[in-house]
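Trainee: I have a list of terms and would like to see what stands behind each of them.
Mentor: Then let us take them in turn.

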Amino acid sequence: EIVQFKTGCCDHEMGCRTNRDNGNGRTVRNLVDDLVRLMSSRLATDGTSQHTRGQLTTFTPEDLSELALEKADETLGRACATDGTLDTLVQSIPKGDL
């Protein structure tokens, strides 16, 4: 689902068209690179000096959650930023402008 969200791909049954520029293979490689970075950061700061092979080769659910949050922030950040689309809509609700 993270790949689908990041690339903007959708089910053909939904009637939407995918953009050929999405580069699913490149996106997957970048997501795995990001997961490795998150895992490395987690392991470097966990206070343990020795890690097992499993710890060094396994992504945790927390790694995936963190990745999903990062990608959502990257993708929606402009719309959600101060004075972005969502911020503007939220500010218009109390004013009755919506």
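**Terms set against values**

Mentor: In this predicted model, Val-28, Val-32, Val-36 and Phe-59 make a nonpolar surface patch of about 270 Å².

Trainee: What makes Val-36 partly exposed?

Mentor: Its relative accessible area is 35%. Buried means under 20% and exposed means over 50%, with partly exposed in between. Val-36 has 35%, so it is called partly exposed.

Trainee: Where is Val-36 found?

Mentor: In helix H2, which covers residues 24-44.

Trainee: Why is Asp-34 called buried?

Mentor: Asp-34, also found in helix H2, has a relative accessible area of 16%. The cut-off for buried is under 20%, so Asp-34 counts as buried.

Trainee: Which residues is Asp-34 in contact with, leaving aside its neighbours within four places in sequence?

Mentor: Leu-67 and Lys-71. For each of them, contact means heavy atoms within 4.5 Å.

Trainee: How do you know that Leu-35 is buried?

Mentor: The relative accessible area of Leu-35 is 8%. That is under 20%, so the word buried applies to Leu-35. Leu-35 is found in helix H2 as well. Not counting residues up to four places away in sequence, it touches Phe-59, Asp-63, Leu-64 and Leu-67. Phe-59 is also one of the residues of the nonpolar patch.

Trainee: How far apart are Leu-35 and Thr-60?

Mentor: They are 25 residues apart in sequence, and 9.5 Å apart in space from C-alpha to C-alpha.

Trainee: Which other residues of H2 are buried, besides Asp-34 and Leu-35?

Mentor: Thr-27, Leu-31, Leu-38, Met-39 and Leu-43.

Trainee: How do you know that the span of H2 is close to the one expected?

Mentor: H2 has 21 residues and reaches 30 Å from its first C-alpha to its last. The expected span is 1.5 Å times one less than the number of residues, which for H2 gives 30 Å. The two values are therefore called close.

Methods
Residues numbered from 1 in each chain as written. Predicted model: local features only at pLDDT ≥ 70, side-chain atom pairs only at ≥ 80, totals over all residues. Heavy atoms only, no water. Patch = residues over 30% accessible without salt bridge, like charges linked within 9 Å, V, L, I, M, F, W, Y side chains within 5 Å. Areas by Shrake-Rupley, 256 points an atom, 1.4 Å probe, with all protein chains shown as cover. Salt bridge = Lys/Arg side-chain N within 4 Å of Asp/Glu carboxyl O. Helix = DSSP H or I, 4+ residues; strand = E, 2+ residues; numbered from the N terminus. Buried < 20%, exposed > 50% of the residue type's maximum accessible area, 1.4 Å probe, protein only.
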